[in-house]
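Please read the following numbered points with the sequence and the model open beside them. Each point takes up one part of the chain.

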Amino acid sequence: MKDVLKISIVDIQNNQLATNKTMAGGFGTSSAYSKTNNVILNTLQKIKSKSVRIPLLEFGYLAHIFESQGHSVDIVYSAQVDTKSDVFLIYTSLVEFKNEMACIKHIRDNNPTAKVGLIGLLPTVLSEELLILADFVIKGEPDTFFYLNPINKLKLDGVLKGDILQDIDELPFPKWNKFNMKQFVHKPFFSNKTVYPVLSSRGCPFSCKYYCAYPIFAGAKVRYRDVDKLIEELDYLRNTYNAQAILFRDPTFTLNKKRIEELCDKMIEKKYNYLWACETHPTCLTTQLIDKMKAAGCVAITIGVESRTEDVLVKSHRFDTKEEKLIEMINYCEKNNVKIMAGYIFGNLNDTISSIKNTINYAKLINTSYAQFTISTPYPGTEYYKDIKDTITTFDWENYDTYTLVFKHKFLTVTDIETLKNKAYSTYYLRPKWLFKRYLKNKVYDLLNRR
């Protein structure tokens, strides 16, 4: 292996949907809202394809790590790949699987001496199966692996498994100068501002790991970054890139409420002009914490509601939020101009037509700024996948997009699910209650915020 390498880190983006491989724990999601010619859903799909695009944090970390080791780094976010590098690291997902495999063939045909490696959550859980397609597979967090194992000292063959880095503050800050950052936006939260992802912790302890892919990569034990180190990174992003919008990528950002209060206090003291958003569990919010987050620049919070039928939640190993607490937190956020993106899942194991209709009506009742209706997806590597593997109807990975039913459901047909999903999106976003109380209010607030 040469001392100095040319390394291409590749995220193939070849379809017309809002494909974000950082989502679903790293398996990726796309905005394939409807399989039918539904005008409303097709319109929503087009809007989202231009409105939400998030860079992979792993790429930012890897760019800094490899450059620090003296190598040349090329970041690829497109359908086209220059095949002249020494090493290719291809982020392999569910939602662009075929295009990623075509990319490997293209590299092999044009540069047979190059080393081709696969990184991401899918190669972690299907390492042996995918190894036949590449020279090597990284099993686990690729940034940690290459931080602990300099690439030019490695034999890049077979399945390469690294240790979990307990002190994640050791990692350098992600480096974004190799990226065309203007393409990365989250318009529902930040309008046209470029969005920079930041990770303040890794791991999630909640029982919904039964179906959720996040803990596969990072584990159930939470590894926190030091608050002062986070402030140092926020300073770095502001001073180096003039960053104005931050998306915290922790699966449960406010798990340690005291820690987030400390972070907010320091952000307020710094007088940042950041707008930022996060994802968390409703039980990890209080009105006091929301006030402090708002004062520090928080404009949106993503939460999972999933279903409002108790036996559906129990079957999914979902830690429930009592209805009174859930509505209190949502109403308090929305009243104080902190937008809520609420997620719902249709087709859980005990779901019926009736329970899904109940969830749709509940979503309308709480009337969050945004709602997302997805279909239960058994991700490889989860206990959920193992439990229902015999009922899975397709192993075409691109159908594992959170909008397609991929197993034979006990109570619901494919048509039932598709009809209910279409109804949810169509009726939610066309209601006067949402259009006037949420949409118009948010537009006015966003305009004032930009000014």
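1. Beyond the neighbours within four places in sequence, Ile-54 is in contact with Asn-20, Thr-22, Met-23, Phe-184, Val-185, His-186, Val-195 and Leu-247. The model discussed here is a predicted one. Ile-54 is placed in the loop that links strand 2 (52-53) to helix 2 (57-68). Its relative accessibility is 4%, so Ile-54 counts as buried, the limit being under 20%. Between Ile-54 and Glu-398 there are 344 residues of separation in sequence, and their C-alpha atoms are 19 Å apart in space.

2. Is Gly-25 buried or exposed? Gly-25 is buried, because its relative accessible area is 10% and the term applies under 20%. With neighbours within four places in sequence set aside, the contacts of Gly-25 are Leu-121, Ala-213, Tyr-214 and Phe-217. Gly-25 and Cys-212 are 187 residues apart in sequence, while the distance from C-alpha to C-alpha is 7.5 Å.

3. Six strands form an open sheet in the order 3-1-4-5-6-7, and their pairing is parallel. Strand 3 (72-78) and strand 7 (158-161) are at the edges; each has a single partner strand, so one side of each has no neighbour in the sheet. On average, and with direction ignored, neighbouring strands of this sheet are turned by 20° against each other.

4. Within this sheet, strand 5 (residues 115-119) and strand 6 (residues 136-139) run parallel and are joined by two bridges. Leu-118 has Val-137 of strand 6 opposite. Helix 3 (residues 97-110) lies across strand 1 (6-12), strand 4 (87-91) and strand 5, and runs at about 170° to strand 4.

5. Glu-141 belongs to the loop between strand 6 and helix 6 (142-148). Glu-141 counts as buried because its relative accessibility is 10%. Which side chain makes a polar contact with the side chain of Glu-141? The partner is the side chain of Thr-144, at 3.0 Å. Apart from neighbours within four places in sequence, Glu-141 is in contact with Arg-202, Phe-217, Ala-218 and Arg-223.

6. Strand 13 (residues 275-279) is mostly covered, with four of its five residues buried. Strand 13 pairs with strand 12 (residues 245-248) in the parallel sense through three bridges, and Ala-245 stands opposite Leu-275. Together with helix 10 (residues 257-270), strands 12 and 13 make a right-handed β-α-β unit.

7. Strand 13 also runs parallel to strand 14 (residues 298-306), to which four bridges join it. Here Cys-278 faces Ile-301 of strand 14 as its opposite residue. From strand 13 the chain passes through helix 11 (residues 287-295) to strand 14, in a β-α-β crossover that is right-handed.

8. For Met-293, with neighbours within four places in sequence left out, the residues in contact are Thr-254, Ile-260, Cys-264, Trp-276, Cys-278, Leu-285, Cys-298 and Ile-301.

Note on methods:
Residues are numbered from 1 along each chain as its sequence is written. This is a predicted model: local features need pLDDT of at least 70, side-chain atom pairs count only at pLDDT 80 or more; totals for chains, interfaces and linings use all residues. Side-chain values use heavy atoms; hydrogens and water are left out. Two strands pair if DSSP finds at least two bridges between them. Axes are lines fitted to C-alpha atoms, for helices over the stretch in contact, and angles run from 0 to 180 degrees between N-to-C directions. Contact means heavy atoms within 4.5 Å. Buried means under 20% relative accessible area, exposed over 50%, partly exposed in between (1.4 Å probe, protein chains only). A polar contact is a pair of N or O atoms within 3.5 Å; within protein, one must be able to donate a hydrogen and the other to accept it, and residues adjacent in sequence count only if both atoms are side-chain atoms. A crossover is right-handed if, with the strands pointing away from the viewer, the path from the first strand over the helix to the second runs clockwise.
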